[in-house]
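Trainee: I would like to go through the terms used for this model and see how each value meets its definition.
Mentor: Then let us start with the structure itself.

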Amino acid sequence: MIQNYSDALTRRRFLVMGSTTLAVTLLAACSSGQAPATSAPAPTSASASNGGAAASKPTVAPTTAPASSTSASSSGPATIEFLNIGALQQTVTLFSDKLIPAFAKAQPSITVHMQTIDWGPSFQKISTAVASGTAPDVFVMGGIFTDPLASKGALLQIDDRVARWDGAKDIYPNVWSDSKYQGKTYAVPMNLEPQTIVYRKDFYQSAGLKPPETWDDLKAAATKLVKKNGSAVQVEGMDWNLTNNVSAQQSFINLLYQAGGDYFDASGKPSFSSDAGHKALDYMVSFYKDNLSSTAFVRAGTNAADFTAIGKSATGLVLNQDVASDKENAASVYANLGAALPLKMDAQSKPNGLIYINKLGIFAKTKVPDAAWTWLTYTMEPDVLGPWNETLLNFSSRKSVTDAASFVKDDPNLKVFDDAIQYTKPQSQHPAMFQIIQILNKAVLNALYLRASVDDTLKSMDSQVADAIKG
Amino acid sequence: MATAASAAIRRGRAPLSGQIARAGYVLVAPGFALLVLVSGLPVVLALLLSFTDYNLIQAPHWVGLANYNRLATDNTFVVSVERSAEFVVMIVPSGTAISLLVALLIRNQLRGMGAIRTIVYIPQGISWVATALIWSWLYNPIYGLIDHILSLVGVAPVSWTTDFNTAMLSIVIMSIWRDIGFFGIIFLAALQGIPRSLYEAASIDGANRFASFRFVTLPMLGPTLFFVVVIWCIGGMQMFTQAFVLTNGGPVDATQTVVYTIYLTAFQFLKMGYASAQAFALFVAIVALTLVNRRLFRDQEYEL
């Protein structure tokens, strides 16, 4: 029996089987593992000359791409991989149907492939792609991406290009710092998310209160407007935007800036246990100690409702996107919402708030830096940037575009958010920023859950952040 | 020859001619190579990385045992080990008991029991992400079904996923709900494998239902219990997705398990070397836990 089996399975058959298996394995291994990209390749000469299906559609894109002194067309055809992080379906449609075809028509030598990804895994995606040398040529970057990526040589320095680019002058001046690492520019701000105060107009009016301007105003209003059942808060006086992400530290940083503090002192050491740090955290914690706010109110997972909008809080600290979303999804609720400028610590101080800035960066090892810059500046053109950000309900980084955006200028609340931009500044930048914000967030939450004193929390922030900086 | 062959068979090896043995090796080789490539090699590389400061983007530098020395003094890691242990302690005894109870209930050959078994097993077919999203709605203190039902009997709303005291419990309840079908079916198969003659003998000896369960069912389920406990311990120590989706490791660090910490260290902070050391520490902990379980269950079998 065994002998028969042996005869049937000859050495030649083994070799054939082995070779086939190897060939199949190699073919499988060589196939692309990338997800299909949302792409709109440059039209062929025929489709271009005929207008093409996509090009024949009405377009909001400029008919010509911006002139570049080092256009890709001078150095032959180029293909740009563009990672559009956080794009919504309407964003993808806009790019696929209008913006990319219009660009292809104006720059026929450059083909753009766009991929999209959620914000959640975006930093990991870029980091791993950088490590393997396959990062997209141009990609959207989040608020604290610049230093972690630039410090590891992953971003192209673009100071010279920015200096020659006319659009740079139109960008809000206080947001460029977020694109710099050690004084050099590595990204172009693309959109802005200012954070400021919103309040329930109906609650405030019925209590005869004015919108809060200072810390004392807010505390007094919260004390008057909070609703409790025993000690359990039913309607918060103030919602500090706790989520299951890192927003607790963002709210704390708002207050820290208002108190005149910052992440680091002049020598670069963490400075949270400063006088400003104490004032900020003491103030924030006092809302939880006095039962004016509650840790039961957390915007987590699918429970992403803005508590102020739904009447579970009298006042809140929210982003422009939240308000725009409330307006789009619940018009009846929106009528009760008002927005106010960022708080001042006291009557003598200036308003101060936090702003999150998304940017566009270029991979340091891109083979087509000129084409990448041409595409980047094209997307920053007013007729491109405006519609792009409108799909995201975000403010454009170009002041002229935001001021002209109908969804902003026709809405009194979003107009306040626009006005608030001048009083805001971004989070500090540091190569270890991803770790720093996690440390701060846990520390702030520990204090808000009344599990640690303000003093211990601030000291712990300083020591842990110092350790994180050391690596 | 026959003696040698039977000795080889006793040792678990059948006699093979040289040609057949070579054929066997050739057939096994692709699978073995694939295993080495996709499993063995990454493990070895991760072990090597654990002695470096690799940050994913720049070339790694050898740091010796620095990453391992850091583990004991890293409060975040130590707390995350405690959280994982807390999850295991909460889920393994309760989950095992409930799965066994469910298996005992659904082993009866009553009308409609097939449908009930299917219903019990259905959650196992749902991904962890979908499960966590569904339960985040159920746990929602404002819109959630659970708090609504509790309010009908006068219980105040519970902030299931955002309260320190209930966040881990909420993950445990959700995890048991999802895994009960899988482990219940394993218990059911084991129960159906117990010979009826043992129960009949126990009955003749005057054993009531509890005594039959204590002295027949449980001993006969020993290997299955061991399997379920070990698998649940390993899964518990590796718990990540539930915490990632449902609580994001919070509130503060109430549900930040070891794997969650490894994820943050590797992919948020880009400290691949240190994350590899954390992963190997977890590996050692799981092996130790499995050996302890094995010892415990071996003793139990000896008593029986």
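Mentor: Domain bounds here come from an automatic or database domain assignment. By that assignment chain B is divided into domain 1 (2-49) and domain 2 (71-296), and their C-alpha centres lie 35 Å apart. The model is predicted, so local features need pLDDT of at least 70 and side-chain atom pairs pLDDT 80 or more, while totals for chains, interfaces and linings use all residues. Residues are numbered from 1 along each chain as written, chains are lettered from A and ligands numbered from 1 in written order, and side-chain values use heavy atoms, without hydrogens and water.

Trainee: Why are H9(A) and H11(A) called roughly parallel?
Mentor: Helix H9 (residues 215-225) and helix H11 (residues 275-289) of chain A pack at about 10°, with axes 11 Å apart. Angles under 35 degrees count as roughly parallel, so H9(A) is roughly parallel to H11(A). Helices are DSSP runs (H or I, at least four residues), and strands (E) have at least two. Axes are lines fitted to C-alpha atoms over the stretch in contact, with angles from 0 to 180 degrees between N-to-C directions.

Trainee: Which residues of H9(A) make the contact?
Mentor: Trp215(A), Leu218(A), Lys219(A) and Ala222(A) do, against residues of H11(A) including Tyr283(A) and Phe287(A); contact means heavy atoms within 4.5 Å. The contact residues divide into 6 nonpolar, 1 polar and 2 charged. Ala, Val, Leu, Ile, Met, Phe, Trp, Tyr, Cys and Pro count as nonpolar, Asp, Glu, Lys and Arg as charged, the others as polar.

Trainee: What makes a space a cavity?
Mentor: On a 1 Å grid over the protein atoms alone, a 1.4 Å probe fits at its points but cannot get out; lining residues have an atom within 4 Å of a point. The search finds 2 cavities of 30 Å³ or more. Helix H10 (residues 247-258) of chain A gives the largest share of its lining, 4 residues. That lining has 5 nonpolar, 3 polar and no charged residues.

Technical notes: 1 Å grid on protein atoms, 1.4 Å probe; cavity = no way out; pocket = protein on both sides within 12 Å on 5 of 7 lines; lining within 4 Å. Points joined across faces, edges and corners; volume = space filled by probe spheres on them. Parallel < 35°, antiparallel > 145°, perpendicular 65-115°, else oblique.
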